[in-house]
Every structure is written in C-alpha cells, then in structure tokens.
Amino acid sequence: MICGGSLPLDLSTGGDNKLSFVWEAPDDKVISIAAERGDMEFPPRTRVELELKTPDCEAEYQGIDMKTVTLDFDDGGIGHTQSYTFLNGESFVDLLACGIFTRMQFEPAADGILDLKFKKLTVTALYDSQKMAQGELEYTWSTSGYIWMRKPEDGSIELEDFVGVPSTTTATSSTVLPLATTTSPEAVTDVESTPKPTPLPTSSPPSSSPVNMDTFVASSFLILASVVGAM
C-alpha cells in the first residue's frame, strides 16, 4: 500500500531563514533504533530521509552547508543517552528546483553501539529564502519516494510504549548538537551510492537492485513527519 499527501509551504518568507524538519512519535510512543556492530565488515546504519516534490520548478538549487545544521533529539524527559556516530559526509539537506530532499545518517558510536530512543527528532538548517520560489507552493510526499527511517542491518526499529515523566519532574532531556561536532573521526565507505533521490519500489525490488527492502520502514506508518518554514 502506498500512502501520500501534500502540505502548503511558503519558503520565500523565511524570516530568520531557518527551515526545520520534524519527525515525531505518537503521544504514547517513543521511536527506538538499535544495532551493534559486532564483527560486521561494515557498520550497521540508519537513515532518516524525507523527500517533498512540487510541480512549480522555480527555485534555485541550494545545497545546505551542513555546518549550519543542528540536530535535536528530544526523549520526552526519560533521560536516555543517545549513542551514535553522525555521518556528515553521507548526510545532506538539498533544496531542489522542484522539491526538497534531506537525509541524516547514523552509525554506531566508537563502542560499536547504535542506540537511539526519542519522542521527536528536529533537524534545523539555514537557507536563503531569496532563492526560493515566491509565495506558497503545494509540496507532495509519498511512500513510493523517500519518507522513512531505515532499519539498521541486523538491528531493530520500532515504536515502544512511552512511560511519561512524573508531573513533579520538569526536565525535558532534550539534546541539541551542531552536526559539525558529531562527524565520524574515521573515513567511512558507503556501500550504496545514492547521492541523489531516485524513488525505490514499494514492494519487491527488481533483481538488479542492491537494496534489500526488508531493511526499510516507511516513516509515514510510524511517525508524523512535518516541515516548518519561516520559524
């Protein structure tokens, strides 16, 4: 089954020129992504991706400088320590002539453990609103394109029950990190060359495809994905 929808965005009135992408679990759930490297030749990885398209191809291409991007894991106050290495070179925020495409890629930390657990993930980037098409445009999304969180190899991705923080507790345990400071210290070889969006099949891939669709979970089935402009 293919799911899809649309949302209106006016990115020409950016104010402080900030664009945020928000992936959020339902009220009673948290998103959990986990894997261990063990003796694997290549480290397991997860990707958070979102692709939006518009028929109004008037914008000027912008490849956002990842040094301007911030990453915010909000665990809802449960106090979870996020364990990961952020792959700066494999991540991007691209504002295309006909849409928006973003990817954030994570691998295990130095101890070989990938352990993410959060209520909400917010990625915020700086962009130039003057290069965007003027006025409000309708952007569409579909699970036939890129809108998912990837299940890491030999790992798991699931929605877990959220045990709320007691009312006497005011801490939110929200961690904001500039992405430039979380770059992996080691050079990493990407075993899939996918620098630009190419929609993948929604059932079984053709025999020539190197992608194992069992390792992907469409994020639209799990979470609410939203884009906020003109913050």
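User: Is Phe101 buried or exposed, and what is its relative accessible area?

Analyst: This is a predicted model. Buried means under 20% relative accessible area. Phe101 falls under that cut-off, so it counts as buried, and its relative accessible area is 1%.

User: Which geometry does the aromatic pair of Phe92 and Phe101 have?

Analyst: A pair of aromatic rings is described by the distance of the centres and the angle of the planes. For Phe92 and Phe101 the centres are 5.3 Å apart and the planes make an angle of 50°. Phe92 is buried, with a relative accessible area of 12%. The geometry of the pair is tilted.

User: How many aromatic pairs does the whole structure hold, and which residues form one aromatic cluster?

Analyst: The search over the whole structure returns nine aromatic pairs. One aromatic cluster is made up of Phe73, Tyr84, Phe86, Phe106 and Phe118.

User: Over the ring of which residue does the charged end of Lys119 sit, and at what distance from its centre?

Analyst: The cut-off for a charge over a ring is within 6 Å of the ring centre. The charged end of Lys119 is placed over the ring of Phe162, and the distance to the ring centre is 4.7 Å.

User: Why is strand E4 described as largely enclosed by the rest of the structure?

Analyst: Strand E4 covers residues 46-53. It is largely enclosed because, of its eight residues, the number that are buried is seven.

User: Which strands pair with E4, and over how many bridges?

Analyst: Strand E9 (residues 99-107) runs antiparallel to E4, with eight bridges between them. In that pairing, Lys53 has Gly99 as its bridge partner.

User: In what order do the strands of the three-stranded open sheet lie, and which are the edge strands?

Analyst: The pairing in this open sheet is antiparallel, and the order is E10-E3-E14. Strand E10 (113-118) and strand E14 (156-161) each pair on one side only, and the edge strands are E10 and E14.

User: What is the average twist in that sheet from one strand to the next?

Analyst: The sheet consists of three strands. From one strand to the next, the twist averages 15°.

User: Which residue of E14 is the bridge partner of Ala34?

Analyst: Strand E3 (residues 29-36) and E14 run antiparallel and are joined by six bridges. In E14, Ala34 has as its bridge partner Ser156.

Methods
Residues numbered from 1 in each chain as written. Predicted model: local features only at pLDDT ≥ 70, side-chain atom pairs only at ≥ 80, totals over all residues. Heavy atoms only, no water. Buried < 20%, exposed > 50% of the residue type's maximum accessible area, 1.4 Å probe, protein only. Helix = DSSP H or I, 4+ residues; strand = E, 2+ residues; numbered from the N terminus. Pairing = 2+ DSSP bridges. Axes fitted to C-alpha atoms, helices over the stretch in contact; angles between N-to-C directions. Phe/Tyr/Trp six-rings, centres within 6.5 Å; stacked < 30°, edge-to-face > 60°. Lys NZ or Arg CZ within 6 Å of the ring centre and 35° of its normal.
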